[in-house]
Amino acid sequence: MFCPSCGTRNPDTANFCLKCGTQLPVSANRGIAAVSPAESGMVTVAPQQRYAGFWIRFFAALVDAVIVGILQLIAGWLGAAITSPLWLVLTALGVAYYVSFTAWRGQTIGKMLLEIKVLDERGNIPGIGKAFIREVIGKFISGIVLLIGYIWAAFDSRKQAWHDKIAGTYVVRI
């Protein structure tokens, strides 16, 4: 059976497309009860029209950069009393902002304002491990070569940047 949305071939007993999660038409050959994508363990992120595109993600990142910049500026003013290298403290502050908000809500403040959210392959908010991989390791790799990993989201069918692919996450509209 082929998916009417994306054209992927699926087993005749499938109720949902293995690639995009679209519910497949009922077939006379299927005598089993419908199983949701979540129950089957498949990707449950909504089809392509729900993915957040490059520009909305860009503006959410811009809002977050301003917020983190202000927090780092305040921390810098207070930094005279800090004995450890100030750059380390400011970097840790930025990492803590992105990782904690992504792991806790799937949204930073910028994503909240623009109504987009980070989800894992099953449609859940990523935990601390995936959030760390996405926000620290993945974003470092996305930015290391002329920011190509970020720009990739503009051309990817699921609007995933490299850091999303590395962590197994998606950014969707809510």
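Helices and strands here are DSSP runs, numbered from the N terminus: a helix is H or I over at least four residues, and a strand is E over at least two. With that convention, leucine 73 lies in helix α2.

Before I go further, some conditions on the model. This is a predicted model, in which local features need pLDDT of at least 70, side-chain atom pairs count only at pLDDT 80 or more, and totals for chains, interfaces and linings use all residues. Residues are numbered from 1 along each chain as its sequence is written, and side-chain values use heavy atoms, with hydrogens and water left out.

I begin with the overall layout. The chain holds 7 helices and 2 strands, and from the N terminus the order of elements is α-α-α-α-β-α-α-α-β. Of its 174 residues, 38% are buried; buried means under 20% relative accessible area, exposed over 50%, and partly exposed in between, with a 1.4 Å probe and protein chains only. A contact means heavy atoms within 4.5 Å. Among contacts with a separation of 6 or more, 50% join residues 24 or more positions apart.

Let me return to leucine 73. Its relative accessibility is 46%, so leucine 73 counts as partly exposed.

Two packed helices are described by the angle between their axes and the distance between the axes. The axes are lines fitted to C-alpha atoms, for helices over the stretch in contact, and the angles run from 0 to 180 degrees between N-to-C directions. For α2 and α3, the angle is about 145° and the axes are 10 Å apart. Residues of α2 including Val68, Leu71 and Ala75 meet residues of α3, among them Leu90, Gly94 and Tyr98.

Helix α3 (residues 86–104) also packs with helix α5 (residues 128–144): their axes come within 8 Å and cross at roughly 140°. The contact involves Val95, Tyr98, Val99, Thr102 and Ala103 on the α3 side, and on the α5 side residues including Ile128, Phe132 and Val136.

What makes up the largest nonpolar core? Its 6 residues are Ala52, Ile56, Ala60, Ile116, Val118 and Val171. A nonpolar core is a set of buried Ala, Val, Leu, Ile, Met, Phe, Trp, Tyr and Cys residues joined through side-chain atoms within 4.5 Å. Both α2 (54–78) and β1 (116–120) supply at least two residues of this core. A second, separate core has 5 residues, including Met1, Ala14, Cys20 and Leu24. Beyond four places in sequence, valine 118 is in contact with residues including Thr102, Arg134, Tyr170 and Val171.

Next, a charged residue. Is aspartate 164 buried or exposed? Aspartate 164 has a relative accessible area of 0% and is therefore buried. This residue belongs to helix α7 (residues 162–167). Its side chain makes a polar contact of 2.5 Å with the side chain of arginine 57. A polar contact is a pair of N or O atoms within 3.5 Å; within protein, one must be able to donate a hydrogen and the other to accept it, and residues adjacent in sequence count only if both atoms are side-chain atoms.

Finally, backbone geometry. Most residues other than glycine have a negative phi. Glutamate 115, in the loop between α4 (109–114) and β1, has a positive phi near 55°. Leucine 146 also has a positive phi, near 55°, and is placed in the loop between α5 and α6 (148–151). At 73% relative accessibility, leucine 146 counts as exposed.
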